[in-house]
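This briefing sets out selected features of one protein chain, grouped by topic. Please read it alongside the sequence and the structure shown here.

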Amino acid sequence: MKILSSSQIKECDSATIEKGISSISLMENAAKKCANWIVDNFKSNQSFSIFCGNGNNGGDGFAIARMLYEKGFDVAVFIDENNSKFSEDAKINLNKIKPISGITIKDYSEFENNNFIIIDALFGYGLNRELSYDFKNLIEKLNQIQVPKISIDIPTGLYADKIIEENSTVFKADFTLTFQFYKRSFLHPETGKFCGKIIVLNIDLDKDFINEIETDYVVIDEKLIKEIYKPREDFTHKGTFGKSILVGGSYGKMGAILMSSLSALKTGSGLTFTIAPECGNIILQSQIPEAMFIGSGKNYIDKIEIQEKAVYGIGPGLGKEKQTKKALFEFLESYNQYVVLDADALNILAENNKLNLIPKNAVITPHPLEFERLFGKSANSFERIELAKQKAKELQIFIILKDHHTAIVTPQKKVYYNITGNSGMAKGGSGDVLTGILTSLISQKYDIEKACIFGVWLHGKAGDFAAAAYSKEAMLPTDLINKIGSAYQCLNT
């Protein structure tokens with residue numbers, strides 16, 4: 001699913017209107033989709049306070065008020081009675097509700113907490129300035145009320161595609177009903193925290209325009225994944241599905257490389273090898289007999305054997321001992337094929353200023369702190385994405401920025417945001433699982449970009465199945481590994 005900027009969304013609206021759909025009909029359609037979702041998700045005896053601005057977002061709110069009233073809900077509408085400058089379509093929908101005696105229309109200042117569900121239709125995606133003092137006060141008052149809250153299109157106070165100032169006043173929604181596209185601000189930690197659950201409603205904007213418009217930003221959806229996924233053919237053998245070599249582990253940290261190796265197997269690797277210190281032999285051979293063990297060093301890796309036609313995943317539990325650093329540098333100086341670098345492999349490269357050793361088309365999977373060690377500080381996550389785009393192009397590598405919504409940044413400066421996964425995955429070991437998944441998919445000859453997209457989605461989807469089975473609090477990275485099969489099965493239904 002493409003992510004469009006606010007200016008591109010305006011162009012898309014205009015293109016749709018040029019095809020013969022009037023702007024008021026487009027608003028009616030958007031409001032109907034919102035009202036239908038609300039009817040489906042809230043009990044009929046609940047009541048709503050709808051806060052409407054003077055623009056088209058307010059027009060959506062007026063239309064939603066009318067439709068909810070027609071469905072039997074109690075509705076109160078709040079506006080700025082001192083400002084009569086409404087957009088043309090907003091004015092039409094306001095005039096439609098004025099004669100309805102069952103809908104009360106009051107000034108913002110008349111609002112009192114009555115335990116009604118609150119709907120925010122104050123400002124839409126076009127907001128480009130900080131809220132006024134009066135609107136800040138209103139939003140702060142609404143945020144303090146403990147009732148379900150819904151934003152229409154985007155929570156008031158957020159911009160569609162840029163960061164907000166620290167300590168900005170923003171409506172805190174439990175649900176955001178947005179139209180046709182995700183906004184980038186939904187996907188970053190500083191801004192996404194205000195959005196609650198995102199519901200994308202298809203309002204039938206012009207498909208030709210959407211197909212033709214260029215954008216660097218994409219949300220990974222199931223449609224894209226089904227286009228990437230390659231079901232197994234029957235007449236195949238283990239050699240068909242590649243050779244994955246997971247490298248890591250050190251004394252006291254053998255669990256990391258164990259999880260990487262197991263996740264590579266669960267993802268479908270035909271042949272799986274684990275290079276680890278001899279101290280991990282019994283642990284690894286007893287826990288994952290399907291993976292072949294290659295010993296290297298006693299307690300810490302001192303050599304990384306190069307095998308032909310193999311994909312390497314290096315870093316989980318690796319440690320940063322002197323002999324391990326030497327082994328990593330020697331390997332990267334001699335190896336120029338596909339490799340996934342994670343954890344201590346990245347930390348070693350960062351601490352020794354050896355980024356030039358990363359092969360082209362490598363995949364690196366840093367969390368924000370590891371990214372900072374590699375490439376320097378960023379003021380916020382929006383700037384971090386821009387820096388990642390620059391470095392991915394410069395080094396010709398794929399950067400997987402791990403976060404609540406992990407982002408895949410390509411050498412062509414394309415950004416894919418993942419929306420599977422949950423906070424239950426915020427446990428040590430989850431990243432090691434991702435390393436194994438990615439290594440396995442690349443070894444199975446998935447295109448490198450597609451392997452990154454599919455791998456991150458698969459990792460998050462398995463995490464969602466694990467959270468559903470065990471809860472976010474109780475789920476473990478090993479539970480996630482055991483749910484990789486469930487994630488595959490959902491693609492075959």
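Predicted model: local features only at pLDDT ≥ 70, side-chain atom pairs only at ≥ 80, totals over all residues.

Ala462 is buried, with a relative accessible area of 0%. The residue belongs to helix α16, which covers residues 448–470.

**Surroundings of Ala462**

- Beyond its neighbours within four places in sequence, Ala462 is in contact with Leu480, Lys483, Ile484 and Ala487.

**The open sheet of 10 strands**

- An open sheet is formed by 10 strands with mixed pairing, in the order β8-β17-β16-β15-β14-β13-β12-β9-β10-β11.
- Its edges are β8 (217–219) and β11 (292–295), each of which pairs on one side only.
- Within this sheet, β15 (residues 398–401) and β16 (residues 407–409) are antiparallel partners joined over three bridges.
- In that pairing, Leu401 stands opposite Ala407 of β16.

**Helix α9 and Ser261**

- Ser261 is a residue of helix α9, and it counts as buried because its relative accessibility is 0%, where the cut-off is under 20%.
- The side chain of Ser261 makes a polar contact of 2.8 Å with the side chain of Thr274.
- With neighbours within four places in sequence left aside, the contacts of Ser261 are Leu246, Thr272, Thr274 and Ile288.

**Strand β5 and its partners**

- Strand β5 (residues 149–152) is covered on both faces: Lys149 and Ser151 are buried on one side, and Ile150 and Ile152 are buried on the other.
- Strand β4 (residues 117–121) pairs with β5 in the parallel sense, over three bridges.
- Ile118 has Lys149 of β5 as its bridge partner.
- From β4 the chain passes through helix α5 (residues 133–143) to β5, in a β-α-β crossover that is right-handed.
- Strand β6 (residues 175–179) is also a parallel partner of β5, again over three bridges.
- Opposite Ile150 stands Phe175 of β6.

**Thr178 in strand β6**

- Thr178 is part of strand β6.
- How accessible is Thr178, buried or exposed? Thr178 is buried, because its relative accessible area is 0% and burial is set at under 20%.
- The Thr178 side chain reaches the backbone oxygen of Asp153 at a distance of 2.9 Å.
- Asp153 is also among the residues in contact with Thr178 once neighbours within four places in sequence are left aside; the others are Lys183, Phe186, Ile198, Ile199, Val200 and Leu201.

**Annotated domains**

- In an unreviewed entry, UniProt lists residues 9–211 as "domain: YjeF N-terminal".
- The span of residues 9–211 is 36% helix and 18% strand, and its end C-alpha atoms lie 13 Å apart.
- The unreviewed UniProt entry also lists "domain: YjeF C-terminal" at residues 221–491.
- Residues 221–491 are 46% helix and 13% strand, with the end C-alpha atoms 12 Å apart.

Terms used
Residues numbered from 1 in each chain as written. Heavy atoms only, no water. Pairing = 2+ DSSP bridges. Helix = DSSP H or I, 4+ residues; strand = E, 2+ residues; numbered from the N terminus. Buried < 20%, exposed > 50% of the residue type's maximum accessible area, 1.4 Å probe, protein only. Right-handed = clockwise from strand over helix to strand, strands pointing away. UniProt positions renumbered as here; feature names shortened; annotations may be inferred. Polar contact = N/O pair within 3.5 Å; in protein donor to acceptor, adjacent residues only side chain to side chain. Contact = heavy atoms within 4.5 Å.
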